[in-house]
Amino acid sequence: MSMIKNVFKQMIWTQILSAMTVTLCLLVDNIMIGRFLGEDSIAAYGLTSPVLLIFAAFGAMVSAGIQVVCSKTMGKGDEKGTDACYTMSILLCVGISVVALALVFIMPEQICSLLGAGNPTPDNTVFWLTKDYLIGFIIGAPAFILAQIMVPYVQIVGEQKRLIMAVVAMTVADIGLDLLNVLLVKAGMFGMGLASSISYFIAVGVGLTYFISKKCIFRFRIVKDKMLKTTGRLLKEGFPTVVNQISLVLLVYVLNRLLLDVAGNSGVAAYAVISTVSNICYCFGSGIAAVALTLSSMFYVEQDKTSLFEVVRTMTKYGIVINAVVTAVVFLIAPLLIGVFLSDPTSGVRDMAVFGLRLFSLSLASCGMCTTLKNYYQGTGRTGFTQLISILQNFVFVVLFAFVLSRFFGTTGIWIAFFAGETTTFIVTLCIIFYKRKEARVTTEALALLDEDFGVPDEDVFESEVSTREEISAASIALGEFCKAHGEDDKTSYYISLCMEEITANIVKYGFVKDNKEHKIDIRYVIKKKKRTLRVRDDCQIFDPVSYFERHEDDAPAESIGIRVVMSLAKDANYINSLGLNNLTLVF
């Protein structure tokens, strides 16, 4: 299972970076606003957050739906299903963007009043600043949402470098455009929002270089018998993410209202800065959770219990370690982080934000675990549990504690509410797991929360991980014995073990020598209802033996003898490259 650990490790940092795609422009804007435009502008920025989160929620919904649906269609070798997913996700992106633009341009003042900016009177500076930023930012709605949708596709095909290039280009552009705005153009909050919009379009432009290239495996086409069903699946699988995001929107809205009552615009400004830093902190947990969602979706459809257990072990390990480090760093350097946004050392807002950020950082460990677990459960079909965790984590408990504690401790009570709410959610989640498992033990099997009849019984599965010819020979003998023990005759057992040996030997011979990296081959043979399936997975460069055989079927018989033997013995063969892994499935 070291291959899963390696894939997890490779995906984490690009997923963390991709999670920052939406937040980096907002981070840059907040820094520039705090440095150049003042506390009223920061408060206005904070008031716009719920609207931005709403539109991000719908983009995140489609993105999460893609992670689940596309992982499953590609895992099954369903090309039509994959293309239908790609096509419908783009059409949904267009529809969401049109609605976003229409709403904000038709009724901007009503939206600003609803957000708590007050009435549009000439002396209400915060109101007009809120409106300016909202209009400037919403211009980039199509790119803002499309950027979220592109991420899972780029991740699935292993184009991490392109993703990094897009994020870097976006960040550099936003910094440059923000500086141009505050130093030369002086377009105020509208200019800050517009700078973000342009930056998102630049990021999308970089990402599109893959989708318009010849090597893009996704096709925009109308698959009539798949479109409606695929749309339903995208929305269904992504709905827990909408619940998660809408809960966050309501949380920000309620806390802004509470802070206005307790501390006025200063409290909202402090929370805006804390929220921006917290969004970056959340990206670490969200990145781990996104990897868990993708891998759990793929292995769940394969009914691969062993791999799912390994995903749980790995995501838990990384979640604890990474979030503990982030907590320690944020707590220690909170004054420096807040100082980036608020430069005046005598500002009461600055002191309030530093104290609040330190208290908030204590919630990151439990928040990270809740987020990772709910994404894993989303990938394994427990969407109801996922939605429950989201509502409890992002709204119910934090708001409950904030209402109660703010009455006694003011703004301090609101900052404490984050830690109290996240910790309570994690405890409640564990209690539900213990109830369902009927035992109070924190184990990999308990956290995986799989049904007792899930997958194939252990005695009907042969699994091995090899990397040398000696290990291949030993695995071949063991597979032959496994087949005989399950009623196969000597000839059939020999042919099945021969297929496995030919495939893996070719991978070692041609795949391992292409670079200086260590490689592994994962072998899984399953007997289920008289159907015998051999899956071979490796982490070498892309090679599709199925299409290779089809292209060279008429060549001389002595050419590619190993592949010819394998294809002649298998009833069906399917190849897919997903997450940078070659997956060959043979059915006998």
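**Notebook: cysteines, salt bridges and patches**

I started with Cys-85, which is buried at 0% relative accessibility. My terms here: buried is under 20% relative accessible area, exposed is over 50%, and partly exposed is in between (1.4 Å probe, protein chains only). I note that this is a predicted model, where local features need pLDDT of at least 70, side-chain atom pairs count only at pLDDT 80 or more, and totals for chains, interfaces and linings use all residues. Residues are numbered from 1 along each chain as its sequence is written, and side-chain values use heavy atoms, with hydrogens and water left out.

Next I looked for disulfides (a pair of cysteine sulfur atoms within 2.5 Å). I found 0 in the structure.

Then I turned to salt bridges (a side-chain nitrogen of Lys or Arg within 4 Å of a carboxyl oxygen of Asp or Glu). I get 13 of them by this rule. In one, Asp-83 pairs with Arg-221, with the closest N and O atoms 2.8 Å apart. Asp-83 sits in helix 3 (residues 79-106) and Arg-221 in the loop between helix 8 (188-211) and helix 9 (227-301), so the pair ties together parts 138 residues apart in sequence. For helices I use DSSP runs of H or I with at least four residues, for strands runs of E with at least two, numbered from the N terminus. Asp-83 is buried at 1%, while Arg-221 is partly exposed at 32%.

I also checked Arg-535 and Asp-304, whose side chains meet in a salt bridge at 3.3 Å, N to O. Arg-535 is in strand 3 (residues 531-538) and Asp-304 in the loop between helix 9 and helix 10, so this pair links parts 231 residues apart in sequence. Arg-535 is buried at 5%, and Asp-304 is buried at 0%.

Glu-488 forms a salt bridge with Arg-532, the closest N and O atoms being 3.0 Å apart. I see from shared partners that Asp-304, Glu-463, Asp-522, Arg-524 and Arg-535 are joined into one salt-bridge network.

Last, I looked at Leu-332 and Lys-571. Leu-332 is in helix 10 and is exposed at 64% relative accessibility. Lys-571 is in the loop between helix 20 (561-569) and strand 4 (572-578), and is exposed at 74%.
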